[in-house]
Every structure is written in C-alpha cells, then in structure tokens.
Amino acid sequence: MADSSTRSELPRISDDDMLEMNKELERMIEDVESMSAHLTWMAYDMVALRTSPELGVSMQKLKEAYLKCRAAVCGDPDQESQIDKSAETAVTTLSQM
C-alpha cells in the first residue's frame, strides 16, 4: 500500500521537459568528452616536452617564424622588431634550461 501512495506523489514530467533534459544531458556529455580530449592532448604534450626538451625550443622557433611571417604579410614593421627582441630572449631562456 505504501508503494501506491508514493507513486501518486511523484510529479509528472511533460514530454517537453523530458526532451529539454535530454538535450541538456547530451550537451553536458559532449562538454565532458571535449574536456577529456583536451586533457589527453595536454598530457601527451607534457610527456613529449619532458622526454625531448629540444621540442620546446623548436616549437618556440616555429611560433616566432609564424609571427614574423604574419607581421610581414599584415605589414606591421613595429611588430616584427618586437618579435625579434622577444624571440632572442625566449631562445636564450629555453637554451639555458
């Protein structure tokens, strides 16, 4: 008898509410999957950098080359000189590690 009274007290959920909850749950699952993928790549990058320190220097040089190229294409000479100065500092710092 206690079961029948408990069942009648539960609120009814409409189909629209159920669909909305399903959409929200699906969105949350996708967000968690995305976070998981990002964490996996972060861990991979960390392992790669720890096993090969030269990789960090190479990545920094690649970034600097990209920024120089972008500054040249966009026509910002001030940005090129700033990149050159920061590149020298970054390479010196990374090579001292």
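Predicted model: local features only at pLDDT ≥ 70, side-chain atom pairs only at ≥ 80, totals over all residues.
A residue counts as exposed when its relative accessible area is over 50%, and as buried when that area is under 20%.

**The chain**

The chain contains four helices and zero strands, and its elements follow the order α-α-α-α from the N terminus. It comprises 97 residues, of which 8% count as buried.

**Helix H3**

Helix H3 spans residues 53–74, a stretch of 22 residues. From its first C-alpha to its last it reaches 32 Å, close to the 32 Å expected at 1.5 Å a residue. Within H3, the buried residues are Gly56, Val57, Glu64 and Ala71. These residues lie on the same side of H3, because they cover an arc of only 100° around the axis. Exposed residues are found on the other side of H3, namely Glu54, Leu62, Tyr66 and Val73. Just after the helix, Gly75 adopts a positive phi of about 75°.

**Packing of H2 and H3**

Two packed helices are described by the angle between their axes and the distance between the axes. Helix H2 covers residues 15–51, and it packs against H3 at an angle of about 110°, with the axes 4 Å apart. Angles of 65 to 115 degrees count as roughly perpendicular, and H2 and H3 are therefore roughly perpendicular to each other. The residues that form the contact are set out by helix in the table.

| Helix | Residues in the contact |
|---|---|
| H2 | Ala48, Leu49, Arg50, Thr51 |
| H3 | Pro53, Leu55, Gly56, Met59 |

How values were computed: Residues numbered from 1 in each chain as written. Heavy atoms only, no water. Helix = DSSP H or I, 4+ residues; strand = E, 2+ residues; numbered from the N terminus. Expected span 1.5 Å × (residues − 1). Buried < 20%, exposed > 50% of the residue type's maximum accessible area, 1.4 Å probe, protein only. Arc of directions from axis to C-beta. Axes fitted to C-alpha atoms, helices over the stretch in contact; angles between N-to-C directions. Parallel < 35°, antiparallel > 145°, perpendicular 65-115°, else oblique. Contact = heavy atoms within 4.5 Å.
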